[in-house]
Amino acid sequence: MFEFVFFILFTPGVSGFFCTSSDLELSYTFCDSSAHYFKFNVTPCSMLNKSVWHAAVTWIPKSDVAFLKIVFTVWYEGARALYWREVLCSGNDDAYSLCGRLKGETIETEFDIKGKRTLFPKGYYTVVLQAFSDDSEQNIITCLNFTMIVKQDPF
């Protein structure tokens, strides 16, 4: 089982695995065809026996990050299982270090993904992560399309 997962995305149209283990596979594509720089790692590459994933992100945004809205959608076996949206940066008393960063500036951050408290049934998941520079969700900064295959039921 792999304990370290790492990927760098910068070439449009390229996809690949960034995590594979006996119980989990994760792969990615960008939602559009433009070039991006995005680096992500997560440990461990497993859905079993861990309550938290540790993640690190390096990203060079294509526009200033004065306002940032994240839309996170999870599809399970073709049906929408989760829809979550949140304004991370509004320009007023922002809590995240990426807020206020400028176009082309390297953003590096680390965080825990505590959503692993959820038991994911065996199956095929599509996770779409969109980032917008406006509240109307018209100006997309980046969009990632992840495929998650859970190979074993956790129960």
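Visitor: Why is Cys 31 called partly exposed?
Guide: Its relative accessible area is 41%. Buried means under 20%, exposed over 50%, and partly exposed in between, with a 1.4 Å probe and protein chains only. A value of 41% falls in between, so Cys 31 counts as partly exposed.

Visitor: What kind of model is this, and which residues and atoms count?
Guide: It is a predicted model, in which local features need pLDDT of at least 70 and side-chain atom pairs count only at pLDDT 80 or more, while totals for chains, interfaces and linings use all residues. Residues are numbered from 1 along each chain as its sequence is written, and side-chain values use heavy atoms, leaving out hydrogens and water.

Visitor: What makes Cys 31 and Cys 143 a disulfide?
Guide: The definition asks for a pair of cysteine sulfur atoms within 2.5 Å. The sulfur atoms of Cys 31 and Cys 143 are 2.0 Å apart, so the pair meets the cut-off. The torsion about their S-S bond is about -55 degrees, so this disulfide is left-handed. Cys 31 sits in the loop between strand 3 (24–30) and strand 4 (38–43), and Cys 143 in strand 10 (residues 140–150), so that the pair links distant parts of the chain, 112 residues apart.

Visitor: How many disulfides does the rule give?
Guide: The count is 2. Cys 89 and Cys 99 form one of them, with 2.0 Å from S to S. This link is left-handed, with -80 degrees about the S-S bond. Cys 89 belongs to strand 7, and Cys 99 to the loop between strand 7 and strand 8 (107–113), 10 residues apart.

Visitor: What places Cys 89 and Cys 99 in their accessibility class?
Guide: Cys 89 has 0% relative accessibility and counts as buried. Cys 99, at 15%, is buried as well.

Visitor: What is a strand here, and how many does the chain have?
Guide: Strands are DSSP runs of E with at least two residues, helices are runs of H or I with at least four, and both are numbered from the N terminus. The protein chain has 10 strands and 0 helices.

Visitor: How many aromatic pairs are there, and why is that of Phe 72 and Trp 84 called edge-to-face?
Guide: The count is 3. Rings of Phe, Tyr and Trp (its six-membered ring) pair if their centres lie within 6.5 Å; planes under 30 degrees apart count as stacked, over 60 as edge-to-face and the rest as tilted. The ring centres of Phe 72 and Trp 84 are 6.4 Å apart and the planes stand at 80 degrees, so the pair is edge-to-face. Phe 72 lies in strand 6 (residues 68–76) and Trp 84 in strand 7 (residues 79–89), 12 residues apart.

Visitor: What makes Phe 120 and Tyr 125 a pair, and which class is it?
Guide: Their ring centres are 5.5 Å apart and their planes at 90 degrees, so this pair too is edge-to-face. Phe 120 is partly exposed at 22%, whereas Tyr 125 is buried at 3%.

Visitor: Which residues do ring pairs link into a cluster?
Guide: The cluster consists of Tyr 76, Phe 120 and Tyr 125.
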